[in-house]
Amino acid sequence: MIRDAREQRGLSLEALAAKLDTQSSTLEEVESGAVSASIDLVNRIAQALEVGPEAKAAEAVPQPMHPTKPTPMHLTIEGGRQLSGAIDVRSSKNAAVALLCASLLNRGRTVLRKIAKIEEVNRICEVLISIGYRISWINETDLELIRPEELDLDSMDVAAARRTRSIIMFFAPLMHFYNEFKVPYAGGCDLGARTIEPHLQVLRHFGLDVVATEGFYRCIAADVHAPERAVVLTERGDTVTENALMAAAMVEGPVTIRNASPNYMVQDLCFFLQALGVRIDGVGTTTLVVHGVKDVNADVEYYPSEDPIEAMSLITAAIVTKSELTIQRAPIEFLEIELAILEEMGLDVTVTDEYFADNGRTRLVDITVRPSTLKAPIDKIHPMPFPGLNIDNLPFFAVIAAEAEGQTLIHDWVYENRAIHLLDLAKIGGNIQLLDPHRLIVNGPTKWRGREVTCPPALRPGVCLLLAMLGAKGESVLRDVYVINRGYEDLPNRLNALGANVRVTTG
């Protein structure tokens with residue numbers, strides 16, 4: 001926020017530092033997130049930039065600002081350090097963006113507790129603010145959303161919308177309020193061709209027609225209604241299921257959705273919609289029956305559950321640094337296959353008894369990982385829709401397989417480009433062979449080497465590089481890590497609290 005405001009006003013770091021009578025290096029650390037700013041410093045910066053009180057500290061999400069060329073962030077990693085201690089898993093990134101989109105259904109006050117402060121959340125907040133929402137952070141971790149009586153769709157922040165694929169989850173909520181509207185083309189990670197046709201097939205059942213025009217999807221919803229028959233998803237996708245749920249939430253049902261994803265973010269959306277008064281049967285299964293309501297106007301608060309993908313990232317960090325580490329508040333229902341494979345590979349791991357997340361529904365455990373000698377699995381490692389190995393957890397097994405004795409086949413049948421991005425692990429010592437755009441052979445064990453590498457334009461492969469660099473001898477530099485900030489909150493400082501040495505620089 002500070003960097004964007006400074007650059008919008010044409011001020012250099014040195015110029016702002018001179019106004020504040022402080023060092024430019026101090027401001028650089030504040031802007032990059034390397035250190036936390038005191039309230040006094042934030043107030044002084046706000047005054048120097050002539051920023052109103054609504055943008056001070058963390059009390060509000062700022063109005064969207066898009067500098068012509070955002071300052072890149074880089075990570076310098078001193079590898080080869082063991083980690084120790086315990087770390088909490090934070091709330092789910094994918095649940096957060098789904099709930100932000102679902103807030104469009106609610107004319108009342110929505111409060112999302114312990115929300116992840118990540119770039120993906122920032123982009124959706126910028127879009128919502130641009131169309132009239134009042135959004136503010138309360139108690140540092142909770143996000144309050146107040147929907148206007150009428151949305152100003154013509155003022156939508158197109159630049160922010162095009163930096164996130166989650167914008168496609170505006171289709172279903174908006175169709176309940178507007179006969180015609182447009183949504184910018186979706187962005188996000190570079191993972192190959194990802195058609196939105198499954199979304200359009202589903203939403204056509206509810207009366208939404210979408211035409212692709214220059215840079216926008218033109219949406220026509222003249223006759224929104226409940227489908228006459230069960231809606232069968234041709235793809236058991238998470239966001240497809242979420243769009244189907246939001247379409248069904250405000251039509252007279254019941255609406256049956258078959259081949260639905262029962263994944264963690266879908267369950268969170270179901271629990272949130274239930275808090276809004278929508279009855280949903282079959283949560284956690286592939287058949288959902290939604291009993292919609294005509295109007296949603298409720299003051300509601302909800303805690304999104306913890307992120308199983310972040311939990312898997314932290315497990316991988318322990319493995320690659322040969323450390324004993326406890327990952328607390330891990331959603332076990334969405335990690336059981338991963339842990340079963342790791343135990344088969346020889347990982348020394350223990351799991352506590354289960355307890356409930358703050359949402360009262362998701363089952364959590366604490367997982368302790370210890371240094372282990374791993375062997376390659378006999379079978380290939382491949383993802384499946386829940387309850388199989390999570391699609392977003394597959395890339396971490398490329399790093400883990402590089403630590404294991406023997407040869408592992410990784411089969412990423414979902415995305416065209418992700419296996420190619422994982423080839424970047426070879427730049428820091430990985431012995432990896434690409435068989436085709438979907439299959440990798442990983443040979444281990446690996447002696448990681450410190451190198452300078454540009455972060456790939458995909459979230460999970462980017463984090464995999466960072467994790468491997470934690471285990472590399474010497475110093476590594478991972479350049480331009482915006483994509484990591486899309487999905488992880490304050491990851492460098494959280495790793496440093498465990499004993500890592502990760503420094504943030506900009507420019």
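1. Two strands are taken to pair if DSSP finds at least two bridges between them. In this predicted model, strand β3 (residues 109–112) and strand β5 (residues 142–146) meet that criterion, pairing in the antiparallel sense over four bridges. Arg109 has Ile146 of β5 as its bridge partner.

2. These strands belong to an open sheet of four strands, ordered β4-β5-β3-β13, in which the pairing is mixed. The edges are formed by β4 (134–138) and β13 (300–302); each has a single partner strand, so one side of each is left without a neighbour in the sheet. From one strand to the next, the twist averages 15°. Helix α11 (residues 264–275) packs on the sheet and touches β3 and β13, its direction making about 160° with that of β13.

3. Asp142 lies in strand β5. Its relative accessibility is 7%, and Asp142 therefore counts as buried, the cut-off being under 20%. The side chains of Asp142 and Thr141 are joined by a polar contact of 3.2 Å. Leaving aside residues up to four places away in sequence, Asp142 touches Val111, Leu112, Arg113, Lys114, Ser136 and Trp137.

4. The largest nonpolar core has 158 residues, and the members touching the most others are Leu128, Phe170, Phe171, Leu245, Ile327, Leu342 and Leu478. For Leu245, the residues touched are Ile257, Val266, Leu269, Cys270, Leu273, Ile280, Leu288 and Val290, again without counting residues up to four places away in sequence. A second, separate core comprises 12 residues, among them Ile2, Leu11, Leu13 and Ala48. In soluble globular proteins, nonpolar side chains tend to be buried together.

Methods: Residues numbered from 1 in each chain as written. Predicted model: local features only at pLDDT ≥ 70, side-chain atom pairs only at ≥ 80, totals over all residues. Heavy atoms only, no water. Core = buried A, V, L, I, M, F, W, Y, C linked by side-chain atoms within 4.5 Å. Buried < 20%, exposed > 50% of the residue type's maximum accessible area, 1.4 Å probe, protein only. Contact = heavy atoms within 4.5 Å. Helix = DSSP H or I, 4+ residues; strand = E, 2+ residues; numbered from the N terminus. Axes fitted to C-alpha atoms, helices over the stretch in contact; angles between N-to-C directions. Polar contact = N/O pair within 3.5 Å; in protein donor to acceptor, adjacent residues only side chain to side chain.
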